[in-house]
Amino acid sequence: DDSEAIANTVTAAHRGNCSFVDKAGNLSAAGVAGIIVINNSSEMFQMAAGYATGAAGAAGTGNGQLKEDTSFIPTHLPVVMVKDTASNVLSQAKDDTSLRMHFLPLDCTAGSGGCVPLLPEEKDVVIEVDSGYLDIGGSRDMEFLTGTWPSLLPLGELRLVKAAPFDGCSPLENSEVASGALIVAKRGGCAFGDKVMHGQAAGAAGVIVADTTGAAIQRIGASADQARGITIPGLMVSKATGDELVGRLDDGFDVVVALAPQPGMAAAWLELAMTEWPEEKSDAAVAFRQLKAKNAGSTERLAWLQGELKRRYPPVTSKKDEL
């Protein structure tokens, strides 16, 4: 019904009610440039050209039978499938007419540790923004890792507001000031997805989870059901960063933050988290030097490394010092 509006666009359609080939044929007739089929589960599979649902009256499928007239299949169009959790972020993206879609072929060889662009000229394309910096007054010493569900990072400067309650494990009591702001909530007390859902219900633009353990930070996740309903980003920051942010808020300062994407830092934090430290400090020197060299460009990770070294290998107090 809206063929003029969707002509020359990449158009999303939910799975169901007719065959994949019927969706492709109908949308091709409307002049779309590409098709995204949103699956009804968190799984994906390669769609077969004639696979039908068996729905009565599906155009050209004949009660679930494959169409004999293969000319109906629009072989010139890219047709891809995404998980149901992508529905929300696609709904947000459709309102921004400046966005452009790029279909990127990936090589996801088993055991390779991830997917990489297939074509040499696309090797530098960023597949996912998994990390970035909190830009506060031009300072970018504070790193964040993004949640694992699909979401769009908000642009521009945002107010920072402390969640009330601080653990974000129940509906926010300060929803009036939380609306449109970045909420900072401490780790613990409930699942990460619960904190983000409560922030979203209060109208927050995103939720920052401040670590309380002092461990190397990791990306946060949400349950499959929560991921289907979450439309805002969730970010994890270190204990040092969380203490700094909350300290400024508790001191009465107005804190304004911009999110500056810088993909690739999640892997560096993961390596820190997975490092197996030897029992003796003398044996740890090699591992420490290697990690220090790898993280030379990160003020925060270097500070964490120094702190972790002192925590694991505290200075030995001699009897002379005790006297």
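**Close-up views of a predicted model**

View 1. Arg248 is partly exposed at 28% relative accessibility (buried is under 20% relative accessible area, exposed over 50%, partly exposed in between, with a 1.4 Å probe and protein chains only). Its partner here is Glu244, and the closest N and O atoms of this salt bridge are 2.8 Å apart (a salt bridge puts a side-chain nitrogen of Lys or Arg within 4 Å of a carboxyl oxygen of Asp or Glu). Both sit in α7, four residues apart, or about one turn of the helix (helices, H or I of at least four residues, and strands, E of at least two, are DSSP runs numbered from the N terminus).

This is a predicted model, where local features need pLDDT of at least 70, side-chain atom pairs count only at pLDDT 80 or more, and totals for chains, interfaces and linings use all residues. Residues are numbered from 1 along each chain as its sequence is written, and side-chain values use heavy atoms, leaving out hydrogens and water.

**View 2. Glu128 meets Arg219.** Their salt bridge has its closest N and O atoms 2.8 Å apart. Glu128 is in the loop between β5 and β6 and Arg219 in the loop between β10 and α6, so the pair ties together parts 91 residues apart in sequence.

**View 3. The buried side of α5.** In this helix (residues 192-201), Gly193, Lys195, Val196 and Gly199 are buried. They cover an arc of only 160 degrees around the axis, which puts them on the same side of α5 (the arc is taken from the directions from the helix axis to the C-beta atoms). Just after α5, Gly203 has a positive phi of about 85 degrees.
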